[in-house]
Amino acid sequence: MNGVATKKVIGGKLLRVKSVFGERIESVQLTGDFFLHPEDLVSRVEEALVGIPVASSADIFLEAIRRSVSEHGIQLIGIAPEDIASTLLESFRTS
Amino acid sequence: MASINHSQWRVIGLETHDAFMNMALDEACSEAVASGASAPTIRFYQWKPSAVSIGYFQSLEDEVAVSKCVDAGVDIIRRRTGGGAVYHDFDGEITYSILAPENIMPSGITESYHLICGWIVDGLREIGIESEFKPINDIIAVGAGGGKKISGNAQTRRNGVLLQHGTILHDVDVRKMFSLLKVGQEKIADKMIAAVEERVTCVKRLSSVTKDELYEGLLKGFTKGKEWEFGTWSAGELERAKKLVVERYRTDDWGWMR
């Protein structure tokens, strides 16, 4: 199934999450006008979510995003890990 | 090879290229600054044909009315920097790029936006327009400017080099901009245009200053307090830029990356 959800972060930027999933996440794409440094590492955050069961609690997704950001020294500007997690969850509901 | 004085800035004066060459020059210059072959550089440029640039993380399909751009002869390009979709109207704006070793710039991203945007604020002051930096990456015109956005900026740091580029609006045609960019779910285009008009301004609405005079003001603002001289692209930078146009910026792999 395919899902998509969009969030405009107050005082920040716009984030769109596109997800492909069955019982588990198969792929995630983050798009929007945010900044992420180093830019090429956006794929690390997306990949960190692959394989997680869709029925997981919000904390599980948030922890995976935070761990990826921390391990790869990623800096997010205009969006936060919480925004990615909540928008991802929203995307499951729109499929 | 002659040694480069890294405390002296090279300024590439106002020039015009198409979107692909403009972004390729940013990348070629960044490589040259990284290797020490080029001095820290300030460049000013315009886009001909007019163009839409999208941020590194944006979906081209979601942001750009591609067929409208094709019909209007407007180029479409993905930038290496994040941020939003921008319509670069040849008649309406001046774009700048700063390419500098990270070690001569603030290490914090917000601090470096603040510093460079301060040069734009100084430049606008030269032509009688008061403005201020509004985090994350905007400049707003204050006083008569009503707090409306007059400049947008975007930054990337790669291989020890900071690239920040941005536009300063001399004139803005919001209706044209909307015809080229997708505007999401809003169905009432006129309402959206009115909403944008409330948030965006340009030099022409605040002053009778010409685009050439804007450029002269920006040049003063960017070079204030710096050791600098006008320079030109090296043969190596030009050759590398031409290659990058073909190998990256004109390719579907790059443009349609997400």
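Reply: Two residues are taken to be in contact if their C-beta atoms, placed from the backbone, lie within 7 Å. The model is a predicted one. With that cut-off, residues 24 or more positions apart account for 76% of the contacts in chain B that have a separation of 6 or more.

Chain B contains ten helices and eleven strands. Its radius of gyration is 18 Å, close to the 18 Å given by the globule rule for 258 residues, so chain B is as compact as a globular protein of that length. The C-alpha trace of chain B spans about 60 × 45 × 30 Å along its principal axes, and 44% of the 258 residues count as buried.

Helix H4(B) covers residues 109–126. Its 18 residues should span 26 Å at 1.5 Å a residue, and the end C-alpha atoms are 26 Å apart, which agrees. Which residues of H4(B) are buried? They are Tyr113(B), Ile116(B), Cys117(B), Trp119(B), Ile120(B), Val121(B), Gly123(B) and Leu124(B). An α-helix has 3.6 residues a turn, so residues three or four places apart point the same way. The cover over the buried residues of H4(B) includes strands S6 (93–101), S7 (131–134), S8 (138–141), S9 and S10, together with helix H8 (211–223), each of chain B. Just after H4(B), Gly128(B) adopts a positive phi of about 85 degrees.

Asn159(B) lies in the loop between S9 (148–158) and S10 (161–169) of chain B. Its phi is near 55 degrees, a positive value in a residue other than glycine. Most residues other than glycine have a negative phi, and most peptide bonds are trans. Is Asn159(B) buried or exposed? Asn159(B) has 11 other C-beta atoms within 10 Å and is therefore exposed, since the cut-off for that class is 12 or fewer.

Chain B also has a cis peptide bond, from Lys48(B) to Pro49(B), with omega near 5 degrees. Pro49(B) is placed in the loop between strand S2 (41–47) and strand S3 (51–54) of chain B. In chain A, a cis peptide bond joins His37(A) and Pro38(A), with omega about -15 degrees. Pro38(A) is found in the loop between strand S4 (35–37) and helix H1 (42–48) of chain A.

Chain B meets chain A through 15 residues from chain B and 15 residues from chain A. The side of chain B that touches chain A has four nonpolar, seven polar and four charged residues.

Chain A itself has an open sheet of three strands in the order S1-S2-S3, with antiparallel pairing. Its edge strands are S1 (2–8) and S3 (25–32), each of which pairs on one side only. From one strand to the next, the twist averages 15 degrees. Helix H3(A), residues 81–93, packs on this sheet and touches S1, S2 and S3 of chain A. The direction of H3(A) makes about 50 degrees with that of S2(A). Seven bridges join S1(A) to the antiparallel strand S2(A), residues 14–21; Val4(A) has Lys18(A) as its bridge partner in S2(A).

Notes
Residues are numbered from 1 along each chain as its sequence is written. Chains are lettered from A and ligands numbered from 1 in the order in which they are written. This is a predicted model: local features need pLDDT of at least 70, side-chain atom pairs count only at pLDDT 80 or more; totals for chains, interfaces and linings use all residues. Helices (H or I, at least four residues) and strands (E, at least two) are DSSP runs, numbered from the N terminus. The radius of gyration is taken over C-alpha atoms; the globule rule is 2.2 Å times the number of residues to the power 0.38. A residue is buried if 20 or more other C-beta atoms lie within 10 Å of its own, exposed if 12 or fewer, and partly exposed in between; C-beta atoms are placed from the backbone. Two strands pair if DSSP finds at least two bridges between them. Axes are lines fitted to C-alpha atoms, for helices over the stretch in contact, and angles run from 0 to 180 degrees between N-to-C directions. Ala, Val, Leu, Ile, Met, Phe, Trp, Tyr, Cys and Pro count as nonpolar, Asp, Glu, Lys and Arg as charged, and the others, Gly among them, as polar. The expected span of a helix is 1.5 Å times one less than its number of residues.
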